[in-house]
Amino acid sequence: MAGVYRTLHGHSCRYGHIPIFPYAPANAAWKDSAVRWLATDVLFVLPIIAQILYWAGGGPASRSSFEKLARDSTNIALLPGGFEEASLFTYNRHRVFLKNRKGFIKLALQYGYKVHPVYTFGEESTFWTMPHLASLRLWLNQYKIPTVLFWGRWWCPFMPHATAKIITVVGKPVQLPLLEKPTKEDVAKYHAMYVASLQHLFDKFKAQYATDPNAILEIC
């Protein structure tokens, strides 16, 4: 798609607490597409982890990084939930931190991108986490302080539970106009469209892929 379509994959997943970029192509064309990943910039100051992320084609999720890629018409995938979404992660619950994350929509409007909703099922059963003191941990996240305590297998807490089956689904793109100076109303309108598209994607596939077929997506 690079050079033909300019696509932004708004990745609503909860892998923010471990350095993994989950991505499953929707078809053969996606498999061969050049996609650059953007993740929270704090990860790129950590030794070893930063090198792994760069090696995998990642980069910091900053405005300057996005604009540099956008000027070259690069397909971009990002995790808009960041540390906050990881902090809200609770075993067997589906949560995304998205209500106040509108910056990626504004940039997509300014550079003429279309936005694909993406969701990963199975992550809800990968790790146990500490769900307490959520308000305090979200406050600390404002200062780029990670506050996630997680554990998986008893012999290696960093390994997810062996029974977890990870499936990533990709929805149809939300078509956005090219607006050099989008207003707050413009951003709010298309952000709402993206959220609705993500909700539709979740509801469409939850019976097939979620641990609980009656699961509810909590949009925080």
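This is a predicted model: local features need pLDDT of at least 70, side-chain atom pairs count only at pLDDT 80 or more; totals for chains, interfaces and linings use all residues.
Local features need pLDDT of at least 70 and side-chain atom pairs count only at pLDDT 80 or more, while totals for chains, interfaces and linings use all residues. Residues are numbered from 1 along each chain as its sequence is written, and side-chain values use heavy atoms, with hydrogens and water left out.

Me: Why is helix H3 called roughly parallel to helix H5?
Reply: The axes of H3 (residues 63-71) and H5 (residues 103-111) cross at roughly 25° and come within 11 Å. Angles under 35 degrees count as roughly parallel, over 145 as roughly antiparallel, 65 to 115 as roughly perpendicular and the rest as oblique, so H3 is roughly parallel to H5.

Me: What makes the contact of H3 with H5?
Reply: Arg63, Phe66, Glu67, Ala70 and Arg71 of H3 meet Leu107, Ala108, Gln110 and Tyr111 of H5, contact being heavy atoms within 4.5 Å.

Me: Why is H5 called roughly perpendicular to H7?
Reply: The axes of H5 and H7 (residues 184-209) cross at roughly 110° and come within 9 Å. That angle makes H5 roughly perpendicular to H7. On the H5 side the contact is made by Phe104, Ile105, Lys106 and Leu109, and on the H7 side by Asp186, Val187, Tyr190, His191 and Tyr194.

Me: Why does glutamate 67 count as buried?
Reply: Its relative accessibility is 17%. Buried means under 20% relative accessible area, exposed over 50% and partly exposed in between, with a 1.4 Å probe and protein chains only, so glutamate 67 counts as buried.

Me: Which residues does glutamate 67 contact, leaving aside its neighbours within four places in sequence?
Reply: Glutamate 67, in helix H3, is in contact with Leu107 and Tyr111.

How values were computed: Axes are lines fitted to C-alpha atoms, for helices over the stretch in contact, and angles run from 0 to 180 degrees between N-to-C directions. Helices (H or I, at least four residues) and strands (E, at least two) are DSSP runs, numbered from the N terminus.
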